[in-house]
Amino acid sequence: MKAKLFALALCAASAFCAEAGAHIIRYDELAKYAVEKYGEDWEEAATKIAAEHPLDANNAFTFTEVLQAPGMDANKIYDELQMWFTSTFVDSKSVIQTSERERGLIIARGFISGTGSSVGAFTSVGISITPTIKVQIKDERIRVTYSVPFYIEVQAGSGILCDFGDVFYKTNVTLDKTFPFGEVSGFSKRARRRAYGRSLVMCNAYANVVLDKLDKVIKNGFDGSANEEW
């Protein structure tokens with residue numbers, strides 16, 4: 001039983017690392033941010049994050065931040081950010097949805113699997129997220145809006161007490177139906193609370209890592225050579 005639980009956790013972690021690496025956002029970056037800011041208790045950390053960032057009117061985890069780019073006009077900022085987005089959102093699940101120089105607008109959708117997982121008596125559940133990153137560009141500044149509209153849950157018909165094989169059910173679950181924003185119902189409540197808590201912490205960590213990378217791009221250029229003489 002313990003071996004089965006360990007194997008499931010290892011698979012989830014491996015999938016998460018693979019996705020994060022593909023997006024040039026490493027799992028160790030997310031974990032480091034989460035642990036340094038909130039500690040290692042996922043439920044407690046998620047409760048703090050929910051208090052800081054309540055859900056928006058559409059029950060999505062959303063917040064907006066303005067980043068400064070002194071001395072850069074909108075076209076220059078767009079060029080640097082476009083290079084970053086093009087090299088980062090590169091597969092079928094992680095894509096640039098809109099890129100319009102005239103409007104100063106870039107919108108991308110990411111995908112990360114394995115943000116949380118739980119194993120019950122008869123089923124196991126894995127959680128993934130699809131964050132949307134919207135960047136609005138003006139001279140010397142950008143506004144970044146980050147939003148996670150729902151969790152993607154994939155349920156397998158196997159658990160601690162049984163193994164039915166690969167029977168999957170895929171569902172989009174709004175965050176108001178999950179811990180810590182809503183009550184968790186059904187079996188394995190404690191395990192599901194931890195899974196939802198971990199997913200929310202990773203949502204928040206992913207947002208902050210992206211903001212940090214965007215800030216570096218507009219300050220130092222896509223390849224870090226914006227201020228070098230040649």
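Tutor: Accessible areas come from the Shrake-Rupley method with a 1.4 Å probe, and for residues only the protein chains shown count as cover. The protein chain here has an accessible surface of about 12000 Å², and 53% of that belongs to carbon and sulfur atoms. The model is predicted, so local features need pLDDT of at least 70 and side-chain atom pairs count only at pLDDT 80 or more, while totals for chains, interfaces and linings use all residues. Residues are numbered from 1 along each chain as its sequence is written, and side-chain values use heavy atoms, with hydrogens and water left out.

Student: How many helices and strands does the protein chain have?

Tutor: Helices (H or I, at least four residues) and strands (E, at least two) are DSSP runs, numbered from the N terminus. The protein chain has 5 helices and 9 strands.

Student: What is the strand order in the open sheet?

Tutor: Strands of a sheet pair through backbone hydrogen bonds, either parallel or antiparallel. Two strands count as paired if DSSP finds at least two bridges between them. In this model, an open sheet of 5 strands runs S1-S7-S6-S3-S2, with antiparallel pairing. Its edge strands, each pairing on one side only, are S1 (61–68) and S2 (95–100). Within the sheet, S6 (residues 132–138) pairs with S7 (residues 141–148) over 7 bridges in the antiparallel sense. Gln-136 has Arg-143 in S7 as its bridge partner.

Student: Which strands does helix H5 touch?

Tutor: Contact means heavy atoms within 4.5 Å. Axes are lines fitted to C-alpha atoms, for helices over the stretch in contact, and angles run from 0 to 180 degrees between N-to-C directions. Helix H5 (residues 189–220) packs on the sheet and touches S1, S6 and S7; the direction of H5 makes about 20 degrees with that of S1.

Student: At what angle do H4 and H5 pack?

Tutor: Angles under 35 degrees count as roughly parallel, over 145 as roughly antiparallel, 65 to 115 as roughly perpendicular and the rest as oblique. Helix H4 (residues 74–88) and H5 pack at about 135 degrees, with their axes 9 Å apart, and are therefore oblique to each other. Ile-77, Glu-80, Leu-81, Trp-84 and Phe-85 in H4 meet a set in H5 that includes Val-210, Leu-214 and Ile-218.

Student: Is Lys-189 buried, partly exposed or exposed?

Tutor: Buried means under 20% relative accessible area, exposed over 50%, and partly exposed in between (1.4 Å probe, protein chains only). Lys-189, found in helix H5, has a relative accessible area of 45% and is therefore partly exposed. Across the protein chain, buried residues make up 43% of the 230 residues.
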